[in-house]
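The exercises below are meant to be worked through with the structure in view, and each task is followed by its solution.

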Amino acid sequence: MNGRAMKQSLLILMMSLVMQAPMFAESVSSKSYQKRIELLNYLRELEPIVKNFRGEDAEGKPTELNAPEGKEGFRMKKYLEAKRIYQEGLQYHFEGNFSSAYQRFLECQLGIEKMTEELSQLYILRAEEMMKTAMERKNPNNPMDKALLDISIEYGKGSYFRQDVMDLPREAPYQRRMYDPKEAHYSYNKYDIEKNMELGYKHLGLAKEARANALKVEKNLEKHQKLQPSHRKYRIDLYFGAINLARDSKANAINIYKLKYPYDNYYLNNSQAKTEASKDETGATVEGQPVKIDGVTYDFTKNPYIKYDNRLQAMFDVRVPEEYRVDHADVRGRVYELDSNNMVFMKYDQERKKALNVPAKPAQGSTTTPQQ
């Protein structure tokens, strides 16, 4: 084949490829359909997150779940705006105006990207705070309360407690126990407590790495390149990955609380709703105090919504400090305030509420706490 024939063959080949290119191009209707499904999944995943962490209103005050327009938290406001834009895109999509629909969906995607970027940072900071707090003593005034490092030192196999106290053979009842039986759980749970610390910080490190990789996407583009919808999707997926890894870290911190303070939920088993009596450093008995759940104290043993197992809802689990119970609910994908309304205040069961003498929910920001 001479040079001229070769050039003609290459020209024909190039022309055929150019003519076939539109056949492989994705139609705008297909892109609109795929983006519609993608964003719906994102909005569904964001809903409990935003409801649990609504943010402050324009005046910097905490907000209620169903606050009126203008009073909602800044995160809830952004979420509602993303839903509004998404709904406009749906209308265009079903009208058959796929070009306008796709543009609206891209606007919604941009809003979701900004939200997940900020939320991933919030989750990482809260997970880090929870892990640090779980490792320390919850109640410095309680001599039985131990920090995680103290548990590792004092209750291991080679420790004084194990060798010369707990594992020392004795002839009962002539020889008394040389330790408080409520102290033994530190020894039994030592490995699990340490493992949760290890996994908690491992998940936290992976969450930080996922968020850092998302932030690098724009930096790795060439000067002539701009962020495409595929790049934004990649970043959003990484942000959600960071959020879920931070949730795993929070779950490890919650496990540490549960393992360290197994007796704190004693109030659920007595009609007075009091914590268990304890002894101070002098050996004197300290009476238990009534436990308040969202400002309410009553006989929790009669509450039909309480489950005494791993389904126990976050608001009843006082082993976890109050400021982290919303995280406890969020780890399970629950909305803390909805659970509180339904299970503590029995919002939808008025007859049961009257029968159990459940007081009214205290007003937000109120300093008074209604009691039984």
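**Exercise 1.** Why does the distance between the end C-alpha atoms of helix H7 (residues 184-216) agree with the span that its 33 residues should have?

Solution. The model is predicted, so that local features need pLDDT of at least 70 and side-chain atom pairs count only at pLDDT 80 or more, while totals for chains, interfaces and linings use all residues. Residues are numbered from 1 along each chain as its sequence is written, and side-chain values use heavy atoms, with hydrogens and water left out.
- Helices are DSSP runs (H or I, at least four residues), numbered from the N terminus.
- The expected span is 1.5 Å times one less than the number of residues.
- For H7 this should be 48 Å, and the end C-alpha atoms are 49 Å apart, which agrees.

**Exercise 2.** Locate the kink in helix H2 (residues 28-52).

Solution. 
- H2 has 25 residues and reaches 36 Å from its first C-alpha to its last, close to the 36 Å expected.
- Its kink, of about 35°, lies at Leu46, shortly before the proline Pro48.

**Exercise 3.** Is Asp327 buried or exposed?

Solution. 
- Asp327 is placed in helix H9 (residues 325-331).
- Because its relative accessibility is 0%, Asp327 counts as buried (under 20% relative accessible area, with a 1.4 Å probe and protein chains only).
- Its contacts (heavy atoms within 4.5 Å) include Arg126 and Lys250, not counting residues up to four places away in sequence.

Definitions and conventions. Helices (H or I, at least four residues) and strands (E, at least two) are DSSP runs, numbered from the N terminus. Buried means under 20% relative accessible area, exposed over 50%, partly exposed in between (1.4 Å probe, protein chains only). The bend at a residue is the angle between axes fitted to the seven residues ending there and the seven starting there.
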